[in-house]
Amino acid sequence: MSHALQFYIDGQWVAPSGNKTLDVIDPSTEEAFATIALGEQADVDKAVAAARAAFPAFAATSRAERLALMRRLAEAYKARYADIADALSREMGAPKELAHRAQAGMGTAHLAKMIETLESFEFEELRGTTLIAKEPIGVVGMITPWNWPLNQIMCKVAPALAAGCTMVLKPSEIAPINAIIFAEVMHEAGVPKGVFNLVNGDGPTVGEAISRHPGVDMVSFTGSTRAGILVAKAAADTVKRVHQELGGKSANIILDDADLQKSVKLGVESVMRNSGQSCNAPTRMFVPERLHEEALAIAKQVAEPLKVGAPSADGVFLGPVVSEVQYEKIQRLIEAGIKEGATLVTGGPGRPEGLNRGYYVRPTVFGGVTDEMAIAREEIFGPVLSILPYGSEDEVIERANDTPYGLASYVQSGSLDRARKVAAKMRSGNVYINYPAWDAGAPFGGYKQSGNGREYAGFGLEEFLEIKGTVGFEAA
Ligand code: NAD
């Protein structure tokens, strides 16, 4: 990886200001396989200056010019698709099949959707004598996590390009290689110099410098609620827009008329996919009391055959979790579940049999979970499902909403009408009825402490725009 020790600023790969570095660990071996440079304030200053200088010209480009650029980006992304998928599989542990299909595929899908969105987006509208114009907000700082890295990067870069914004990206320092390749892709696509800049680094240094920077007009952040709060605080003094996509503890309500076998099976698989490291994973499964035992039996039967193993091996459903820190946190929460009296249905502490190296976690299901247990309240971000029995429909709606988070909810029912009524009562930015297909056009984001603002398609584009009302634009 030739650019790992450099940053991409003002259209070229440059040396960092300081000399701090960080090893990138392969979570399947616990060994370093690359080293990146960690940036400082001075690197952020340079990147922001480049983005500011590039803004007036890029903001003035036509829709057609930006569409042409985004189409070139789609081509360049395609050319490096396999490299990106391989890199993220190695650095965050996603099984190769998931990495190649879904992880890297999200980048393609979001870019295609944003191109389609830009083709017909209304930037201007006349209401009476007032012109309402939507203009690019300016320089955007982007801070992203490691769990679906290309999804998050493209959810920010594509709308910023469509809007005419310039940007400084700080990807996760834990999985930075895919982002370095992505910067090469941007260069290959011919993005004008200064429009896109990449500075690697840790959160408290580079992330904080971006959030605080007076030359940054907006921060778009995806990550934990903890860091999202710090970003908002650092951004407050400069009154910049703060867009936050944060954590979740999503409820999955299985109503008594749902197909139990299918609902539990798909619920278990949704939690275990990506080793439980998805912000919207349905980690609190509510089942009717009388079906609780049956649900536990189905969950056990579904979870036990799921293959845990090296990301490079065939047929693997769960790779390792991303890091030692995450591994330890998940272990602590599994222990807490046992201690607090939940029924361990399958899995448990320690590594799966036969795997004594790598951050592998046993796919774990708890039954008889109650609302106050740590495993029902905290975002575990690992392959751990909590099953909670409930009495009435009113009760389950109230309990499902009883969380500081509000990213997603899931409703399973044999009656679409009934599911819709429950969906309407959920306090979350997304509700998924009967495990629908993924929709790149649906708004994505959270209520409450799961965030502010929305991503995907036109909803994502709106976040990167200022609204100008020119009153008296037409003579009365
Ligand atoms: P994290 O919050 O530790 O890190 C995310 C990013 O923030 C990283 O780039 C990190 O360097 C940076 N950061 C950390 N401290 C910072 C600070 N003080 N100032 C500025 N930046 C800082 O999260 P993670 O462990 O990388 O990712 C997992 C979390 O992300 C989970 O909580 C998950 O739910 C959340 N997530 C949310 C969504 C969503 O769309 N809502 C999507 C994916 C992940």
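Student: Which residues does F196 touch, not counting residues up to four places away in sequence?
Tutor: This is a predicted model. In it, F196 touches Y8, V157, M167, L169, F182, A183, M186 and V191.

Student: Which residues touch the most other members of the largest nonpolar core?
Tutor: V157, L161, F182, F196 and L198 do. The core has 77 residues.

Student: Which helix gives the most to this core?
Tutor: Helix α5, residues 149–163. It gives 10 residues.

Student: And where does this core lie, and why?
Tutor: Domain 1 (7–246 + 450–470) and domain 2 (251–440) both give residues to the core, so it lies between them.

Student: What lies apart from it?
Tutor: Another core, of 29 residues. Among them are I253, Y359, A419 and V422.

Student: New topic. How many bridges join β3 to β4?
Tutor: Six. The strands, residues 21–26 and 31–37, run antiparallel. They form a hairpin with four residues between them.

Student: What stands opposite L22 in β4?
Tutor: I36 does.

Student: And what about phi of E30 in the turn?
Tutor: E30 has a positive phi of about 65°.

Student: Now N274. Where is it?
Tutor: N274 is in the loop between α9 (260–272) and β13 (284–288). Its phi is positive, about 60°, although N274 is not a glycine.

Student: Is N274 buried or exposed, and why?
Tutor: N274 counts as buried because its relative accessibility is 2%, and buried means under 20%.

Student: Last one: which helix holds A457?
Tutor: Helix α15, residues 457–463. A457 has a positive phi near 50° and is not a glycine. A457 is buried, with a relative accessible area of 7%.

Definitions and conventions:
Residues are numbered from 1 along each chain as its sequence is written. This is a predicted model: local features need pLDDT of at least 70, side-chain atom pairs count only at pLDDT 80 or more; totals for chains, interfaces and linings use all residues. Side-chain values use heavy atoms; hydrogens and water are left out. A nonpolar core is a set of buried Ala, Val, Leu, Ile, Met, Phe, Trp, Tyr and Cys residues joined through side-chain atoms within 4.5 Å. Buried means under 20% relative accessible area, exposed over 50%, partly exposed in between (1.4 Å probe, protein chains only). Helices (H or I, at least four residues) and strands (E, at least two) are DSSP runs, numbered from the N terminus. Domain bounds come from an automatic or database domain assignment. Contact means heavy atoms within 4.5 Å. Two strands pair if DSSP finds at least two bridges between them.
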